[in-house]
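Take a few minutes to walk through this fold. Keep the sequence and the 3D view side by side.

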Amino acid sequence: MTDLIRPGAKPARPYFSSGPCAKPPGWAPEKLATDSLGRSHRSKLGKARLQYCIDLIREVLEVPDTHRIGIVPGSDTGAVEMAMWTMLGARPVTTLAWESFGEGWVTDAVKQLKIDPTVIRADYGQLPDLTQVDWSNDVIFTWNGTTSGVRVPNGDWIAADREGLTIADATSAVFAQDIAWDKVDVLTFSWQKVLGGEGAHGVLILGPRAVERLETYTPAWPLPKVFRLMSKGALAEGVFKGETINTPSMLAVEDAIFALEWGKSLGGLSAMKARANANAAALDAIVQEREWLGHLACDPASRSNTSVCLTVEGADEARIKAMAKLLEDEDAAYDVAGYRDAPAGLRIWCGATVETADIEALGPWLDWAYAATA
């Protein structure tokens, strides 16, 4: 390794983790508003900042007025669990799994809620046969599989006349991919993915059909306090107006506001999608130039433009870890090893908060790390 010549230029911001992800360009802690810190989140100021965050999410993400937006505990996981525990059980359930987080929702449905769902699976790198879905069922799926780099290409496969609810874990899709809001009844995400925000808080977006389910169905199992969306027989509307179920971190809220204001200043959703697409295209160019690199997601139509997962010829988990360590030690790329449950490979975050020039500068460093671990 000592005989190998290190590349010259490094990515200026070598933050390629798939969660928490890179902060928006220009971010600095002193740029965050801090007036709400040390104050009650239920004060006039605290509630105003929480409502402002919700309003920005609606504006930048282009969420229709028909859908309610709430900030909830437990990151994206908490938001998905909240939907599952409060809404499932009214009708049969189908779960789609093609990577680890989708499998997690299968586990919860089978072992925790014990509702015996229909499970439609695909291997890492593949998308399940979406034509198998029975739309009389409630359907749970990941819009973008963060650990496999496989996404649904659009919402055309979702039936407009569905009887069941669609529950979409879209944490690595929002702000980078088009969401068919007329096809989504429940959508969840967390700030730490495409916004580069801090963790521990989830966002729960409910369409009218999901609200109707909450108002007309009571699950057979007890609900923890942090999951309860009903109060005295009615929807807890305050949750969707900044009155959070439990105490949020106002510092994390201010951090999310910074990222949302940044996205808005770029031109909103279209600009953020364009940045992600440019980053993914730059990474694809690197892959196409190297015989030893490949995409885990073989079909470009279902290939993620955020959590891009790569195969490395002849590399096992140990070699991938060695490559990732070398890159981190050189401050050339942080946190690029694939997810622990996924096939051995690299995973490069290409969301909007990453600069395309940094993706382009990564190529020679990947060559160096690959050669150094041969």
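In which hand, left or right, does H7 pass H8 at their crossing? The crossing is right-handed. A crossing counts as right-handed if the near helix is turned clockwise from the far one by less than a right angle, and as left-handed if anticlockwise.

Before going on, some ground rules. This is a predicted model, in which local features need pLDDT of at least 70 and side-chain atom pairs count only at pLDDT 80 or more, while totals for chains, interfaces and linings use all residues. Residues are numbered from 1 along each chain as its sequence is written, and side-chain values use heavy atoms, with hydrogens and water left out. Helices (H or I, at least four residues) and strands (E, at least two) are DSSP runs, numbered from the N terminus.

Back to the two helices. H7 covers residues 317-329 and H8 covers residues 356-372. Their axes are 9 Å apart, and the packing angle is about 130°. Axes here are lines fitted to C-alpha atoms, for helices over the stretch in contact, and angles run from 0 to 180 degrees between N-to-C directions. H7 and H8 are therefore oblique to each other. The classes are these: under 35 degrees is roughly parallel, over 145 roughly antiparallel, 65 to 115 roughly perpendicular, and the rest oblique.

Which residues meet? From H7 come Arg-319, Met-323, Leu-326 and Leu-327. From H8 come Trp-365, Leu-366, Trp-368, Ala-369, Tyr-370 and Ala-372. By class, the contact of H7 with H8 has nine nonpolar, no polar and one charged residues. Contact means heavy atoms within 4.5 Å. Ala, Val, Leu, Ile, Met, Phe, Trp, Tyr, Cys and Pro count as nonpolar; Asp, Glu, Lys and Arg count as charged; the others, Gly among them, count as polar.

Now compare another helix pair. The axes of H5 and H6 come within 7 Å and cross at roughly 90°. That makes H5 roughly perpendicular to H6. Trp-262, Gly-263 and Leu-266 of H5 touch Ala-271, Met-272 and Arg-275 of H6. This contact has four nonpolar, one polar and one charged residues.

Three strands form an open sheet in the order S12-S13-S14, with antiparallel pairing. Two strands pair if DSSP finds at least two bridges between them. S12 (293-295) and S14 (346-349) are the edge strands, and each pairs on one side only. Neighbouring strands are turned by 35° against each other on average, direction ignored. S12 and S13 (residues 307-312) pair over three bridges. Look for Gly-294, which stands opposite Thr-311 in S13. H6 (residues 269-288) packs on this sheet and touches S12, S13 and S14. The direction of H6 makes about 130° with that of S12.

A second open sheet has seven strands. Their order is S1-S9-S8-S7-S4-S2-S3, with mixed pairing. The edges are S1 (68-73) and S3 (118-121). Neighbouring strands of this sheet are turned by 20° on average, direction ignored. S7 (residues 166-169) and S8 run parallel, joined by three bridges. Ile-167 stands opposite Val-186 in S8. H1 packs on the sheet, touching S1, S8 and S9, and its direction makes about 125° with that of S1. H3 (residues 100-112) lies across S2 (93-97), S3, S4 (138-142) and S7, running at about 150° to S2.

Arg-49 lies in H1. Arg-49 and Gly-242 are 193 residues apart in sequence, yet 7.9 Å apart in space, C-alpha to C-alpha. Beyond its neighbours within four places in sequence, Arg-49 contacts residues including Ala-33, Met-250 and Glu-254. Next, look at charge pairs. The structure holds 18 salt bridges, each a side-chain nitrogen of Lys or Arg within 4 Å of a carboxyl oxygen of Asp or Glu. One of them joins Lys-264 and Glu-59, with the closest N and O atoms 3.4 Å apart. Lys-264 lies in H5 (residues 250-266) and Glu-59 in H1 (residues 44-61), so the pair ties together parts that are 205 residues apart in sequence.

Finish with the backbone. A cis peptide bond joins Gly-19 and Pro-20, with omega about -10°. Pro-20 lies in the segment before H1. Ala-200 is not a glycine, yet its phi is positive, near 85°. Ala-200 sits in the loop between S8 (186-190) and S9 (201-206). Asp-335 also has a positive phi, of about 60°, and lies in the loop between H7 and S14.
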